[in-house]
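Please look over the sequence and the structure shown here before reading on.

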Amino acid sequence: MAALVAELTAVKNCLQRALQKGVRESVVLVFGNESCDLDSACCSIVYALFAQQKRENKDEIVAPVLNLKREQFLSRTEVLFWLDRVLLNNSGRSSSAVYDEACARLLDSLIFIDDIDFGQIDTFRQLKVKMMDHNRLIDAQKFLEPYVDEIIDHHEVSGSAHPWSNAVRTEIVHPVGSCASLITRRLRDEWPSMPSSVALLLYGAIVLDTSALLNSNKTTDIDVSAVEYLESKYSGVEGWPGRSYTDAMLIEAKMDVSRMSAFDIFGKDFKSVPGSQ
Ligand SMILES: [Mn+2]
């Protein structure tokens, strides 16, 4: 499973080279929303890996972007826990132990918003932005609007006018418990061979967002189909955790604030996207 970390690291290195040397590359950035909850983080990573597989131009760099600053990420305890468990196969560690040195490689492989010098994007041959788990750019990222070419989201579209042109491919379905359910629905047809670790990233996000499909206020048929599909295809894979165990682990990890500073705790639930979850 660590193969995915190597893949993410390679993509990040390519992006950094392009940014530092002003190489005229074609770049696709796959953003989650700025809460960087488990849903956003997993959708961003999984969809970037998918788009990378499917790209026609093999020189194109497709990179997931975790939409918060690197220093803030340690407060997303359940995200770090899940990435550590799934991508580094650390099923034995308790959530409070995931901040040790073994995580350094994982953190190094991830791209955060402050890793990108947006002053350099004019040097790219082409830039495309894909928005996962949000459908409206925050003010600080409005400059990305001309580059947006795809949106997959489960939030309600606020405001009367749809801000996106017809050129933007949108799949905005509300209500759905988790954006990861929409991604699963898409990949079921378009990437049926996705590795089990990719499937598990999506599974954790859906299970946490819907309380293992038991939260009737959030769970929809799309979430149920997604979970049932993932379980039917992957639950026989070694290390695949059961539905309720997955939920319990993620809740425990989310509650684990033992390594967080007061600033992180204060900021943990801050979101400025209306309706983000
Ligand atoms: Mn979401």
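Helices (H or I, at least four residues) and strands (E, at least two) are taken as DSSP runs, and they are numbered from the N terminus. This is a predicted model, in which local features need a pLDDT of at least 70 and side-chain atom pairs count only at pLDDT 80 or more, whereas totals for chains, interfaces and linings use all residues. Residues are numbered from 1 along each chain as its sequence is written.

**The protein as a whole**

- The protein has nine helices and five strands, and along the sequence they follow the pattern α-β-α-β-α-α-β-β-β-α-α-α-α-α.
- A residue is called buried if 20 or more other C-beta atoms lie within 10 Å of its own, exposed if 12 or fewer do, and partly exposed in between, with the C-beta atoms placed from the backbone; of the 277 residues of the protein, 39% count as buried.
- Two residues are in contact if their C-beta atoms, placed from the backbone, lie within 7 Å, and among the contacts with a separation of 6 or more, 71% are made by residues 24 or more positions apart.

- Because 14 of its 15 residues are buried, H6 is largely enclosed by the rest of the structure.
- Ser 211 follows H6 and is found in the loop between H6 and H7, where its phi is near 50°, a positive value in a residue other than glycine.
- Ser 211 has 16 C-beta neighbours inside 10 Å and therefore counts as partly exposed.
- Leu 213 is found in the loop between H6 and H7 as well, and its phi, near 70°, is also positive in a residue other than glycine.
- Leu 213 is buried, with 21 other C-beta atoms within 10 Å.

- Helix H7 runs over residues 221-234, and its 14 residues reach 20 Å from the first C-alpha to the last, close to the 20 Å expected at 1.5 Å a residue.
- The buried residues of H7 are Asp 223, Ala 226, Val 227 and Leu 230.
- Seen down the axis of H7, these buried residues fall within an arc of 95°, so they line one face of the helix; the arc is that of the directions from the helix axis to the C-beta atoms.
- On the face of H7 turned away from its buried side are the exposed residues Asp 221, Glu 228 and Ser 232.
- The buried residues of H7 are covered by elements including helix H5 (179-190) and helix H6 (196-210).
- The axes of H6 and H7 come within 10 Å and cross at roughly 145°, where axes are lines fitted to C-alpha atoms, for helices over the stretch in contact, and angles run from 0 to 180 degrees between N-to-C directions.
- Among the residues of H6 that meet H7 are Leu 202, Tyr 203 and Ile 206, and their partners in H7 include Ala 226, Val 227 and Leu 230.

**Helix H8**

- At 1.5 Å a residue, the 13 residues of helix H8 (residues 243-255) should span 18 Å, and its end C-alpha atoms are 19 Å apart, which agrees.
- The buried residues of H8 are Thr 246, Asp 247, Met 249, Leu 250 and Ala 253.
- Tyr 245 and Met 255 are exposed residues on the face of H8 turned away from its buried side.
- What covers the buried residues of H8 includes H2, helix H3 (77-87) and H6.

- Val 46 is found in helix H2 (residues 38-54), and it counts as buried because it has 27 C-beta neighbours inside 10 Å.
- Leaving aside neighbours within four places in sequence, Val 46 is in contact with Ile 183, Val 198, Leu 201 and Leu 202.
- Val 46 and Ala 199 are 153 residues apart in sequence, yet 8.4 Å apart in space from C-alpha to C-alpha.

Technical notes: Expected span 1.5 Å × (residues − 1).
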